[in-house]
Amino acid sequence: MAGRRSAAGGAQAPGGAAGQSTWPFREPSPNMGALTLFSRDHSVRIALSGNVALSWGGAVRRSARLLVLGSATALAIAMPAAITWFAGAAGAAAAPVRAESPHALFKMTITAIDRNGATLSNPSASVDGVNGTTYLSGGNKVQVPAGTYEVAAAIWRPADGDTQTLVAKTVHVTGNTSVTLDAQGAVPLSASTSVAGVTQGDQTIELCIGSGSSLQSVTGFLVDSAGTVYVKPMTASVLRTVYQTYWQNTVTGTIYDLAGAHLGGIPSKTTVYQASPSAMATVHVQLRDFENVTPLQSVIESYQSCGSMTLPVSSLPSVYTEFRTPGSWNTNLDFGPSVGQVQRDLFKTASYKAGHSYTDLFGSAVAGPSPDFPAIDGHDVVYSPVSQFSDPVVGLGFDCEGQADVSLYRGATQVGSDNITFCNSNNTFTQHVKTNGWYTMYSRALRFNPTGSVPSQILSQYVDLTWRFKFSPVTGHPVDAQAAPVTVTRFEPQGLNADNEAVGGKTTTLKFVIYRGGGQPVPTPRYRLRTVQVQASFNNGVTWQTITVSAHGSYWLAQVPGPAYGAYVSLRSIVTDSHGDSTTETIYRAYRVNST
């Protein structure tokens, strides 16, 4: 069923360098400093340097692409080279994963004892300062300055079978220190449901450090449904424990996603979490088709900014119902030629209440530009096109499935151009400009598959942006970056089905929002919009029909006539302001009309 997530309807051949594979990607929470990914064999933890944001093209992203090189012992991050890492507030100086101290460093040596009293001399432990600084992510020896630390590990030896034990300890260091993580006295965590006809999936547990939503992963593990999760009770105000599992009705596809969060350490007693639909939120999920070049490979869910659970993509229909434990959930969809090679990531973070009903749409038409704008940075004009195929409803973590030709003109004279492949080393067009005046930037993005072909039925096949703006250098500021006073239009046709199709012969209501630059460090001038025009084409842009639009507060509406059955609808917006700036945005094959 995973093939239905791409227009091709099937998986592509895997690619990538030998010995490299990407793991299912989970979008970090807005202030997550580290994250743990689980497989049946082991877990991998990566520190993200405190509060991490990624920025390119004038917009802040919180995402990264994680690669496991050969084994779980080496990690690399693959991402567009134009991304800038920030620690703390966007724009702050980058912080190292390990903070060096001007004070003396002391040796910490960690051993462990399993639930049966057997000694483990070489556990894979994590050491974090109570302020969130990571000192060790795997291993049993580290040097640290004097201070207070949370030391944790998943304790396991072959005799434990399909069980593991989470153990943590608060340690005060004033000199060389030996730490023993003792799993004796651990208690089990489990889950149950009264729902009939369902099968339980894997169980995961994760320990995080921080407060509120500003959490980072410390350690965690996965066992299958027949296994047992054990935890050693302890109290620490900076720690949070999250247990997750799910059940599925394989006939209907319905998911019962259960999570339990414990604040202030690790649960102190045997706990059985209950999945009762009447006490859960009801979420109607649509995984829509023809907006992603490669098939859906992973659906990863985390709870309360901690935890990680992967749902069974092979048995998920395009439309299904999911019952969730009330609280905050982050859902990530990973697309690529295989589970181990992720090329595109979509995500949504939202809170869900018991007894309430919600609808979550992923892969909606119309995929188009996110609110990223050309920026004037000193004497340079800068733009990154890597988000020109964003989902209109949920967030785009990253996208490696596109290419773009970007050029800058002064009148009829071209002053710069570049061809950009998303996620390659060059992801940003940069042109030094010597002469003030009016300039026009063109960016044509097209779908691209770095590991195969592009499906013939893909929607938003091309996205064209034409921006006209006046250039003068931006100087004299701590960061000389100012978005050009141009726009981006986000189209959301209403009433499409799970194949992103409108009903043939009937009018489609088109909701659209006009975004304007202004998020850069130097405020963007805001001029009155003079004209807003929308056009539709039913023959792939050969001819265009102007559509009447009406303003409704923060959004606009247009009524698009229903073309013949089986046709594609292309959309164009033309926006001008009183200063003379203008934007023409064209999306070819924005959505289609069903053929029945």
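Tyr591 touches Ala365, Leu459, Pro493, Leu496, Asn500, Ala502, Thr508, Val560, Tyr568, Val569 and Leu571, leaving aside residues up to four places away in sequence. Contact here means heavy atoms within 4.5 Å. Tyr591 is also one of the residues with the most contacts inside the largest nonpolar core. This is a predicted model, in which local features need pLDDT of at least 70 and side-chain atom pairs count only at pLDDT 80 or more, while totals for chains, interfaces and linings use all residues. Residues are numbered from 1 along each chain as its sequence is written, and side-chain values use heavy atoms, with hydrogens and water left out.

**Nonpolar cores**

- The largest nonpolar core has 49 residues. Met441, Leu571 and Tyr591 have the most contacts inside this core.
- Strand β38 (residues 462-471) gives the most to this core, with 5 residues.
- Another core lies apart from it and has 29 residues, among them Val198, Val238, Leu258 and Tyr273.
- A nonpolar core is a set of buried Ala, Val, Leu, Ile, Met, Phe, Trp, Tyr and Cys residues joined through side-chain atoms within 4.5 Å.
- Buried means under 20% relative accessible area, exposed means over 50%, and partly exposed lies in between (1.4 Å probe, protein chains only).

**Chain and confidence**

- The protein chain has 0 helices and 48 strands. Both are DSSP runs numbered from the N terminus: helices are H or I with at least four residues, strands are E with at least two.
- Of the 596 residues in the protein chain, 55% are buried.
- Among contacts in the protein chain with a separation of 6 or more, 70% join residues 24 or more positions apart.
- The average pLDDT of the protein chain is 85, and 83% of the residues score at least 70. pLDDT is the predictor's confidence in each residue, from 0 to 100.
- Over residues 1-101, pLDDT stays under 50. The model has 300 contacts beyond four places in sequence for residues 1-101.

**The sheet of 4 strands**

- This open sheet has the order β40-β42-β46-β45, with antiparallel pairing. Two strands pair if DSSP finds at least two bridges between them.
- Its edge strands are β40 (487-493) and β45 (549-552), and each pairs on one side only.
- Neighbouring strands of this sheet are turned by 30° against each other on average, direction ignored. Axes are lines fitted to C-alpha atoms, for helices over the stretch in contact, and angles run from 0 to 180 degrees between N-to-C directions.
- β40 and strand β42 (residues 508-516) run antiparallel and are joined by 7 bridges. Thr487 stands opposite Arg516 in β42.

**The sheet of 7 strands**

- This open sheet runs in the order β12-β11-β14-β15-β20-β17-β23, and its pairing is mixed.
- β12 (134-137) and β23 (271-275) are its edge strands, each pairing on one side only.
- From one strand to the next, the twist averages 20°.
- Strand β11 (residues 125-129) pairs with β12 in the antiparallel sense over 3 bridges. Ser126 has Ser137 in β12 as its bridge partner.

**Further strand pairs**

- Strand β43 (residues 529-537) pairs with strand β47 (residues 568-577) in the antiparallel sense over 8 bridges.
- β43 also runs antiparallel to strand β44 (residues 545-547), joined by 3 bridges.
- Gln535 has two bridge partners to look up: Arg572 in β47 and Thr546 in β44.
- Strand β28 (residues 327-335) and strand β29 (residues 344-352) run antiparallel, with 9 bridges joining them. Asn332 stands opposite Phe347 in β29.
- β29 is joined by 4 bridges to strand β33 (residues 395-399), again antiparallel. Arg344 stands opposite Asp399 in β33.

**A buried and an exposed residue**

- Gln203 lies in strand β18 (residues 199-211). Gln203 counts as buried because its relative accessibility is 3%.
- The side chain of Gln203 makes a polar contact with the side chain of Tyr243 (2.6 Å). A polar contact is a pair of N or O atoms within 3.5 Å; within protein, one must be able to donate a hydrogen and the other to accept it, and residues adjacent in sequence count only if both atoms are side-chain atoms.
- Ala196 sits in the loop between β17 (187-193) and β18. Ala196 counts as exposed because its relative accessibility is 64%.
- Ala196 and Asn249 lie 53 residues apart in sequence, and 8.6 Å apart in space from C-alpha to C-alpha.
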